[in-house]
Amino acid sequence: MEQSATLDIETLKITQEQFILASQSLHLQRPGCEAVYPVGLYGWRKRCLYFFLLLLLVTMIVNLALTVWIIKVMNFSVVGMGNLQLNQDGIRLEGISEFLLPLYVNEIQSRRDSLLVLRSEKNVTLNARNSQGQLTGQLTVGPDAVEAQCQRLEVRSRDGSRLLFTADEEEVIMTTEKFTVTGSEGAMFGHSVETPLIRARASEDLKLESPTRTLTMEAPRGVEVNAAKGTLRVNGRKDLQLESTEGEILLDANSVHLGNLPLGTYAASPVEASQEQAVYEVCVCPSGKIYLSPAETSSTCQAMSNICLWS
């Protein structure tokens, strides 16, 4: 028994020595084999990689934060952006909007309960073009004037069924029942005016005046001047001429006053009649001039007809 135990111990020692020698032979470099290098990132390369990964993470976080901030500030939603909403009919814009470049639209419409206001520091210009891009109409609202450039300008009623005003290169037509001028200086026309009626407002005077030229009223069937409850006055600096080519001139009134008629003078001696005369007779020269002559028992027109020589 003791000999077998001793043999087992010696065999175990030999086996351990063979294992140690075999493991040591694995670490020995065999002749003719390449050197083995360790694989991986060590030192500053590893630190640079971690730095770039950290920088990329920070950049992603900043971009995400900016995106969320822009969405919140601009008020993006499924239907639009802030006051700008997209629908099937077009674009709906609430509040005040500013356009830095030209705006091309088919229709601009405000809400039913608010006004549509167009503002500009210089002017507001609306252009209309045809299919070829040519300008067919233009409306410009400037600081000094409102200009419209088109072939024909029309102003219609509220429902669009009635034409109120139209203007083109040939004429300007107003089809309203009444045209009222409220200016203190009235209305000035450079050429002729065709109208069926000229009437002043109630309790106001109607004045037709041509300061430097002639005032002419013509009508194929007659001209009627009527002052129902006032005085009709016709003034002229020089001559006032009433002429009828085929008819007569009728003065129909309770009394007819001809003021500032000249007094006739004697044909024999050009001496004027006495200013103390109370009654005169009206005389007419062959030229149509009317003058006064002192009334006596008989007519004195022939004796006082020397004034006809001056006419």
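In this predicted model, Glu154 is partly exposed, since its relative accessible area is 36%. Because buried residues must fall under 20% and exposed residues must lie over 50%, a value of 36% places Glu154 in the class between. The side chain of Glu154 meets that of Arg152 in a salt bridge, with 2.8 Å from N to O. Glu154 also meets Arg156 through its side chain, and in that salt bridge the distance from N to O is 3.3 Å.

Arg152 has a further partner in Asp168, and the closest N and O atoms of this salt bridge are 3.5 Å apart. Asp168 is located in the loop between strand 8 (163–167) and strand 9 (172–174), while Arg152 is located in the loop between strand 6 and strand 7 (153–156), so this pair ties together parts of the chain that are 16 residues apart in sequence. The relative accessibility of Arg152 is 44%, and this residue therefore counts as partly exposed. Asp168, at 29%, is likewise counted as partly exposed. For Arg156 the relative accessible area is 40%, which again means partly exposed. Through shared partners, the salt bridges join Arg152, Glu154, Arg156 and Asp168 into one network. The structure holds three salt bridges, and they are listed below.

| Salt bridge | N to O distance |
|---|---|
| Glu154 and Arg152 | 2.8 Å |
| Arg156 and Glu154 | 3.3 Å |
| Asp168 and Arg152 | 3.5 Å |

Strand 6 also takes part in a sheet. Three strands form this open sheet in the order 4-5-6, with antiparallel pairing. Its edges are strand 4 (124–129) and strand 6 (146–149), each of which pairs on one side only. Neighbouring strands of the sheet are turned against each other by 10 degrees on average, direction ignored. Strands of a sheet pair through backbone hydrogen bonds, in either a parallel or an antiparallel manner. Between strand 5 (residues 135–141) and strand 6, the antiparallel pairing extends over four bridges. Within this part of the sheet, Gln138 stands opposite Gln149 of strand 6.

A nonpolar patch on the surface is formed by Leu54, Leu57, Val58, Ile61, Val62, Leu66, Trp69, Ile70, Ile71, Val73, Met74 and Phe76. Together these residues have about 1,100 Å² of accessible area. One of them, Ile71, has its place in helix 2 (residues 44–74). Ile71 is partly exposed, its relative accessible area being 40%.

The remaining values concern the chain as a whole. Its secondary structure comprises two helices and eleven strands. From the N terminus on, the order of elements is α-α-β-β-β-β-β-β-β-β-β-β-β. Of the 311 residues, 7% count as buried. The accessible surface comes to about 30,400 Å², and carbon and sulfur atoms account for 54% of it. Among contacts between residues at least 6 apart in sequence, 15% join residues at least 24 apart.

Note on methods:
Residues are numbered from 1 along each chain as its sequence is written. This is a predicted model: local features need pLDDT of at least 70, side-chain atom pairs count only at pLDDT 80 or more; totals for chains, interfaces and linings use all residues. Side-chain values use heavy atoms; hydrogens and water are left out. Two strands pair if DSSP finds at least two bridges between them. Axes are lines fitted to C-alpha atoms, for helices over the stretch in contact, and angles run from 0 to 180 degrees between N-to-C directions. Patches are made of residues with over 30% relative accessible area and no salt bridge: like charges are joined within 9 Å, nonpolar side chains (Val, Leu, Ile, Met, Phe, Trp, Tyr) within 5 Å. Accessible areas come from the Shrake-Rupley method with a 1.4 Å probe; for residues, only the protein chains shown count as cover. A salt bridge is a side-chain nitrogen of Lys or Arg within 4 Å of a carboxyl oxygen of Asp or Glu. Buried means under 20% relative accessible area, exposed over 50%, partly exposed in between (1.4 Å probe, protein chains only). Contact means heavy atoms within 4.5 Å.
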